[in-house]
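Biologist: Could we go through this model together, beginning with a term that we shall need?

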Amino acid sequence: MSLSAESVIAASNAWSWGPDNAMRVETDEYLLIRNPDYFDQALQLDRFSPAGQVEDAVAAVLDRAREFGLPDLYWFARRGGPAAVTELLRARGAKATVTLAVVPEPGEDTK
């Protein structure tokens with residue numbers, strides 16, 4: 001069985017997990033998960049698909065995240081998401097902590 005890169009990316013982007021006792025804040029544009037205190041990543045954004053202006057949607061997520069009073073938000077910027085997100089977050093002082101390759105970028109050598 002052969003899988004296309006597009007189907008693997010779509011499945012990866014659709015996947016989300018959080019413990020049963022996590023608090024989930026879900027809108028049409030994002031999924032924010034407040035994990036229990038014993039998690040290293042207490043607050044994480046699992047899904048982000050803005051319908052309008054990316055800048056406004058990023059600001060809305062960050063405003064909502066601040067309400068939890070935690071020092072960090074782990075934002076999973078998934079492939080196929082809005083390109084502006086990475087730069088908007090970096091402009092606010094964010095830094096990449098982990099990069100995962102689900103499938104190679106077009107033209108990327110995998111050997």
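Modeller: A polar contact is a pair of N or O atoms within 3.5 Å; within protein, one must be able to donate a hydrogen and the other to accept it, and residues adjacent in sequence count only if both atoms are side-chain atoms. The model is predicted, so local features need pLDDT of at least 70 and side-chain atom pairs pLDDT 80 or more, while totals for chains, interfaces and linings use all residues. Residues are numbered from 1 along each chain as its sequence is written, and side-chain values use heavy atoms, without hydrogens and water.

Biologist: Which side chain does R34 reach with a polar contact?

Modeller: The side chain of R34 makes a polar contact with that of D37, at 2.7 Å. R34 itself is found in strand β2 (strands are DSSP runs of E, at least two residues, and helices are runs of H or I, at least four, numbered from the N terminus).

Biologist: Is R34 buried or exposed?

Modeller: R34 counts as buried because its relative accessible area is 17% (buried means under 20%, exposed over 50% and partly exposed in between, with a 1.4 Å probe and protein chains only).

Biologist: Let us turn to D46; where is D46 found?

Modeller: D46 lies in strand β3, which covers residues 43-48. Its relative accessibility is 3%, and D46 therefore counts as buried.

Biologist: Which side chain is joined to that of D46 by a polar contact?

Modeller: The side chain of Q44 is, at 2.8 Å. With neighbours within four places in sequence set aside, D46 also contacts S16, W17, L31, I33, F76 and R78.

Biologist: A step back, please: how many helices and strands does the chain have?

Modeller: The protein chain has 3 helices and 4 strands, and they follow the order α-β-β-β-α-β-α along the sequence. Of its 111 residues, 28% are buried. Where contacts join residues at least 6 apart in sequence, 47% of them link residues at least 24 apart.

Biologist: At what angle do α2 and α3 pack?

Modeller: Helix α2 (residues 54-66) and helix α3 (residues 84-91) pack at about 50°, and their axes are 10 Å apart. Axes are lines fitted to C-alpha atoms, for helices over the stretch in contact, and angles run from 0 to 180 degrees between N-to-C directions.

Biologist: Which residues make that contact?

Modeller: V54, E55 and V58 come from α2, and A84, V85, L88 and L89 come from α3. The two helices are therefore oblique to each other (under 35 degrees is roughly parallel, over 145 roughly antiparallel, 65 to 115 roughly perpendicular and the rest oblique).

Biologist: Finally, where is A94 placed?

Modeller: A94 belongs to the segment after α3. A94 counts as partly exposed because its relative accessible area is 39%. The C-alpha atoms of A94 and D72 are separated by 9.6 Å, with the residues 22 apart along the chain.

Note on methods. Contact = heavy atoms within 4.5 Å.
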